[in-house]
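Subject: A structure for you to look at

Hi,

Here is the structure I promised to pass on. Please open it in your viewer and keep it beside you while you read the rest of this email.

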Amino acid sequence: MSEIRDPRPRRRRLLRVVVGLLVLLSVIGYFAVQRASVGGGAPFCVASADASGRDGESEKYEMSPEQAANAATIAAVGIAKGLPDRAVTIALATAMQESALRNLDHGDRDSLGLFQQRPSMGWGTPEQITDPVYSAGIFYDHLVDVPGYSRLPLTVAAQKVQRSGYPQAYAKHEPDATVLTAAFAAGGSLDCGGPAPTQPGDPEKVREGLVRIFGKDGMHTFGPQGGQGGQAGRNGGGGRAVEEPEITMVEKQESGEAAIRRSRAMAHWAVANSREMGIARVSYDLRGWVAGKDRGRWRDKGDAGAKNGDGDPYGAAPGEVRIFLAR
């Protein structure tokens with residue numbers, strides 16, 4: 001006589017699966033709506049090879065604010081050194097493989113930081129290696145010592161610096177590293193969405209970060225109502241008074257492609273570091289970005305709705321970068 005099985009356990013299992021799928025879809029839908037909303041959802045950054053940053057119009061690479069800040073620093077250090085886009089791409093692909101663009105405090109044996117450099121192999125002290133500006137700088141210093149590095153396959157160039165046990169692993173990151181390079185150095189864009197900073201920005205911290213990478217030339221810090229060093233009024237530059245308590249501003253002092261790359265790198269570095277440093281708004285060359293607005297995207301001056309909360313238009317003067325701190 002065959003055994004008659006109770007169908008209820010199977011139905012209960014099926015019901016649990018269906019309920020689980022519905023919950024998962026609800027969670028995915030919630031975060032999608034939050035992310036699409038103005039100023040809502042978890043923070044995120046998207047690098048685009050095209051400056052418009054519009055959906056479907058360019059290659060993209062998505063990352064966390066931490067990863068974006070590290071990528072922006074790596075790119076900015078290379079640009080400040082006057083190195084070509086190829087050097088920036090090699091450095092970014094290497095860090096993507098070694099640390100996934102995270103400043104690690106651990107690794108194989110004594111490896112540390114973005115590039116998993118080893119103190120025992122002469123790369124520097126642990127404190128130096130875990131400083132993104134230092135670690136990127138010393139990577140580039142070793143890279144430029146490789147004869148013809150810009151003409152070598154990326155895996156070969158990276159391996160001559162890193163001496164990795166898995167040299168071919170760098171190759172898989174080249175397409176994404178190329179997108180990141182375009183965003184920071186070659187006419188692309190970095191968009192960062194999520195809530196606006198909740199803590200006031202520290203102008204000295206922002207200035208120190210910029211000076212360490214780009215130097216002091218052309219950099220000015222202005223106080224309340226546009227006054228330099230807290231004084232009333234603004235001396236030079238043609239700018240008008242603003243409401244933010246402090247402004248860190250970088251002005252381009254020269255023309256040409258090198259200066260354009262430098263200004264673009266400064267602007268996107270500020271966006272990538274906006275959450276950590278309390279940066280509320282960045283204006284660059286007739287474009288603007290405001291934390292918590294416009295889905296984290298850059299807007300061109302003159303775009304419909306391209307206004308910040310105080311009614312000021314987006315965009316600095318041509319060739320100018322202005323960084324406004326949160327109140």
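This is a predicted model: local features need pLDDT of at least 70, side-chain atom pairs count only at pLDDT 80 or more; totals for chains, interfaces and linings use all residues.

**The disulfide**

Let's begin with the cysteines. A disulfide, in general, is a covalent bond between the sulfur atoms of two cysteines. The count here comes to one disulfide, and it joins Cys-45 to Cys-192, with 2.1 Å from S to S. The pair links distant parts of the chain: Cys-45 sits in strand E1 (residues 44-48) and Cys-192 in strand E3 (residues 189-193), 147 residues apart. Is the disulfide right-handed or left-handed? The torsion about the S-S bond is about 110°, so the disulfide is right-handed.

Both ends are tucked away, if you take buried to mean under 20% relative accessible area. Cys-45 has 2% relative accessibility, so this residue counts as buried. Cys-192, at 6%, counts as buried too.

**The cavities**

The whole structure holds two cavities of 30 Å³ or more, and the largest cavity has a volume of about 90 Å³. It is lined by 16 residues, and those closest to its centre are Cys-192, Gly-193, Ser-274, Arg-275 and Trp-289. E1, E3, helix H9 (257-272) and helix H10 (274-277) each give two or more residues to that lining. By class, the lining of the largest cavity has eleven nonpolar residues, four polar and one charged.

**The nonpolar core**

In soluble globular proteins, nonpolar side chains tend to be buried together. In this model, the largest nonpolar core has 71 residues. Which residues have the most contacts inside it? They are Ile-74, Tyr-140, Leu-143, Leu-180 and Leu-190.

**Helix H6 and the largest pocket**

Next, have a look at helix H6 (154-162). Seven of its nine residues are buried, so H6 is largely enclosed by the rest of the structure. The buried ones are Leu-154, Thr-155, Ala-157, Ala-158, Gln-159, Val-161 and Gln-162. They pack against H3, helix H5 (132-143) and helix H7 (174-185). Just after H6, Arg-163 takes a positive phi of about 55°.

That spot also brings you to the largest pocket, with a volume of about 480 Å³. It has 19 lining residues, and Glu-98, Gln-116, Gln-162, Arg-163 and Ser-164 lie nearest its centre. Helix H3 (85-99) and H6 each supply at least two residues of the lining. The classes in the pocket lining are seven nonpolar, seven polar and five charged.

**Ser-58**

Last, a single residue in a loop. Ser-58 lies between E1 and strand E2 (60-63). Is Ser-58 buried or exposed? Its relative accessible area is 18%, so Ser-58 is buried. Not counting residues up to four places away in sequence, Ser-58 touches Ser-48, Ala-49 and Asp-50. Its C-alpha atom is 9.1 Å from that of Val-179, which is 121 residues away along the chain.

Cheers

How values were computed: Residues are numbered from 1 along each chain as its sequence is written. Side-chain values use heavy atoms; hydrogens and water are left out. On a 1 Å grid over the protein atoms alone, a cavity is a set of points where a 1.4 Å probe fits but cannot get out, and a pocket is an open set with protein on both sides within 12 Å along at least five of seven lines; lining residues have an atom within 4 Å of a point. Grid points are joined across faces, edges and corners, and a volume is the space filled by probe spheres set on the points. Helices (H or I, at least four residues) and strands (E, at least two) are DSSP runs, numbered from the N terminus. Ala, Val, Leu, Ile, Met, Phe, Trp, Tyr, Cys and Pro count as nonpolar, Asp, Glu, Lys and Arg as charged, and the others, Gly among them, as polar. A nonpolar core is a set of buried Ala, Val, Leu, Ile, Met, Phe, Trp, Tyr and Cys residues joined through side-chain atoms within 4.5 Å. Buried means under 20% relative accessible area, exposed over 50%, partly exposed in between (1.4 Å probe, protein chains only). Contact means heavy atoms within 4.5 Å. A disulfide is a pair of cysteine sulfur atoms within 2.5 Å.
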